[in-house]
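I opened a new structure today and kept notes as I went. Here is what I looked up, entry by entry.

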Amino acid sequence: MTNAPVPSRSLLFLLVALTALGEVSTQLIIPGLGAIEQALAAPTGSALMALSAFVAAFGLGQLLFGPLSDRIGRRPVLIGGLVLYVLATLSMLLVHDIHQFIAARVLQGLGACAALVLARTVVRDVWKAEAGPALALTMIGMLYAIVVAPMVGGLLIKLFDWHAPILLALAIGSVVLLLALLFFRESNHYLDPKAAHWRTLGGQYLDLLKGRQYRAFAVALACTYGAMFAVIAGSSAVFINLLGFSSLEYGINFGLIVSMLIVGSTYTRRNIMRLGPQRIVAMGVTMVAIGGVSALVIYALFGLSVLGLDIPIALVTLGGGLVLPGSVTGGVMPNAHRAGLAAGLMGFAQMFGATCSGMLLSQLRDGSAAPMIIIQACFAVAAFVAFHLLRQRQAKGLSYT
């Protein structure tokens with residue numbers, strides 16, 4: 001009999017690294033978007049398309065990789081995705097124009113999404129009914145990446161050039177691949193031969209979406225991450241071009257703002273079994289909405305300022321620290337028999353929100369901070385309204401058994 005993985009610190013560390021890989025790939029290069037455009041002789045704003053292309057691939061891939069892992073196993077899908085990630089990141093160092101760079105980012109996004117969806121699915125396989133706190137803990141890795149990577153990326157670009165953060169992403173991806181090859185054992189011992197079949201996959205997703213509560217969590221996750229991504233994609237231009245920050249100063253400031261994600265996710269990990277994911281997410285979308293609207297009101301009344309952005313965005317990210325792990329927990333845990341499918345659709349929802357936000361930002365950008373602030377506020381309010389319209393009011397929590 002094959003030995004199944006057991007809950008351990010080493011497995012948890014690997015899952016944290018897998019969850020963080022996608023954000024590492026994005027956050028490291030954000031301080032250098034302008035430098036990439038200059039080096040590749042690309043039009044201003046075209047690097048945003050590379051971000052949006054990565055996010056779109058990251059989301060769409062999860063619709064396939066999650067259920068595929070239900071069918072053929074977690075290990076082959078994970079290893080294949082990590083190999084693709086390493087090769088795509090290497091190709092980013094060899095491009096000659098922005099179109100090649102965007103194509104490489106698409107492939108990198110597909111590889112990184114396999115890491116994320118498999119990490120979430122393996123948590124459900126191994127920790128079973130106690131997976132809630134473990135799932136929230138793995139997401140803290142992703143949130144640390146959002147906090148630390150822009151600082152590191154800004155420093156590397158200041159000391160070297162735009163290739164340096166990509167080299168670091170390549171090194172990180174290679175180490176994670178090696179760890180997965182050496183230490184990860186298959187966790188899915190009940191393969192479903194019907195999973196990921198093109199004739200039935202759409203119906204399986206529709207069946208999943210019939211659950212009102214699942215829809216509530218998915219929409220809250222999509223809109224919350226859409227609000228956050230407006231800042232992720234647009235803040236470098238605002239802080240560097242309009243507020244006069246250097247790439248290093250921007251990285252430090254951005255890292256401090258989004259450190260509230262870790263505060264929120266830590267609270268979620270400690271309280272989700274007691275409060276349940278619905279109450280956690282309800283608290284989170286409230287904070288997100290207040291932060292998004294506050295940023296818009298402050299900008300409209302007083303104009304652009306560092307504190308006028310930092311404080312409201314910090315509240316949005318604090319709420320995001322509750323919504324992201326809370327929504328994924330509430331959506332995946334009740335679906336043990338199709339954990340890959342449920343995790344894949346949740347991941348797609350998250351990246352769909354980011355893709356819509358990024359595309360709106362690229363189309364509406366006018367050289368001011370207004371598009372970023374307005375888009376953040378709209379997505380933040382949508383998260384609050386949609387979750388409260390869709391949620392099951394009689395449910396105080398969810399059973400994970």
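My notes on some helices, a few residues, a cavity and a pocket follow.

**Entry 1: before anything else**

I reminded myself that this is a predicted model.

**Entry 2: helix 12**

I started with helix 12, which covers residues 277-302, 26 residues in all. I looked up its reach from first C-alpha to last and got 37 Å, close to the 38 Å expected at 1.5 Å a residue.

Next I asked which residues of helix 12 are buried. My list reads P277, Q278, I280, V281, A282, G284, V285, V288, A289, G291, G292 and A295. I noted a general point beside it: an α-helix has 3.6 residues a turn, so residues three or four places apart point the same way.

What covers those buried residues of helix 12? I found that the cover includes helix 9 (212-242), helix 11 (260-275), helix 13 (306-332) and helix 15 (370-390). After helix 12 comes G303, and I wrote down that its phi is positive, near 85 degrees.

**Entry 3: A314**

I moved on to helix 13, where A314 sits. Is A314 buried or exposed? Its relative accessible area is 18%, and the cut-off for buried is under 20%, so A314 counts as buried. Leaving out neighbours within four places in sequence, I found A314 in contact with I257 and M260. I also checked A314 against F217: they are 97 residues apart along the chain, and their C-alpha atoms are separated by 22 Å.

**Entry 4: R74**

R74 belongs to helix 4, residues 74-92. I looked up its relative accessible area, which is 2%, so R74 is buried. Which side chain does R74 join in a polar contact of 2.9 Å? I found that it is the side chain of S69.

**Entry 5: Q62**

Q62 lies in helix 3. Its relative accessible area is 0%, so I put Q62 down as buried. I then looked up its contacts, leaving aside neighbours within four places in sequence. Among them are P67, C113, L116, V117, R120 and Y205. The list for Q62 also includes A343, G344, G347, F348 and M351.

How far apart in space are Q62 and A114? I got 6.6 Å from C-alpha to C-alpha, though they are 52 residues apart in sequence.

**Entry 6: cavities**

I counted two cavities of 30 Å³ or more. The largest cavity holds about 100 Å³ of space. I found 15 residues lining it, with G22, E23, F58, Y225 and M351 nearest its centre. Helix 1 (9-27), helix 3, helix 9 and helix 14 (339-364) each give two or more residues to that lining. Helix 1 has the largest share, five residues. By class, I noted nine nonpolar residues, five polar and one charged.

Last, I looked at the second largest pocket, with about 250 Å³ of space. It has 17 lining residues, and L33, G34, S236, A237 and N241 are the closest to its centre. The elements giving two or more residues are helix 2 (33-39), helix 3 (46-72) and helix 9.

Which helix gives the most to this pocket's lining? I found helix 9, with six residues. The lining divides into eight nonpolar, seven polar and two charged residues.

Technical notes
Residues are numbered from 1 along each chain as its sequence is written. This is a predicted model: local features need pLDDT of at least 70, side-chain atom pairs count only at pLDDT 80 or more; totals for chains, interfaces and linings use all residues. Side-chain values use heavy atoms; hydrogens and water are left out. Helices (H or I, at least four residues) and strands (E, at least two) are DSSP runs, numbered from the N terminus. The expected span of a helix is 1.5 Å times one less than its number of residues. Buried means under 20% relative accessible area, exposed over 50%, partly exposed in between (1.4 Å probe, protein chains only). Contact means heavy atoms within 4.5 Å. A polar contact is a pair of N or O atoms within 3.5 Å; within protein, one must be able to donate a hydrogen and the other to accept it, and residues adjacent in sequence count only if both atoms are side-chain atoms. On a 1 Å grid over the protein atoms alone, a cavity is a set of points where a 1.4 Å probe fits but cannot get out, and a pocket is an open set with protein on both sides within 12 Å along at least five of seven lines; lining residues have an atom within 4 Å of a point. Grid points are joined across faces, edges and corners, and a volume is the space filled by probe spheres set on the points. Ala, Val, Leu, Ile, Met, Phe, Trp, Tyr, Cys and Pro count as nonpolar, Asp, Glu, Lys and Arg as charged, and the others, Gly among them, as polar.
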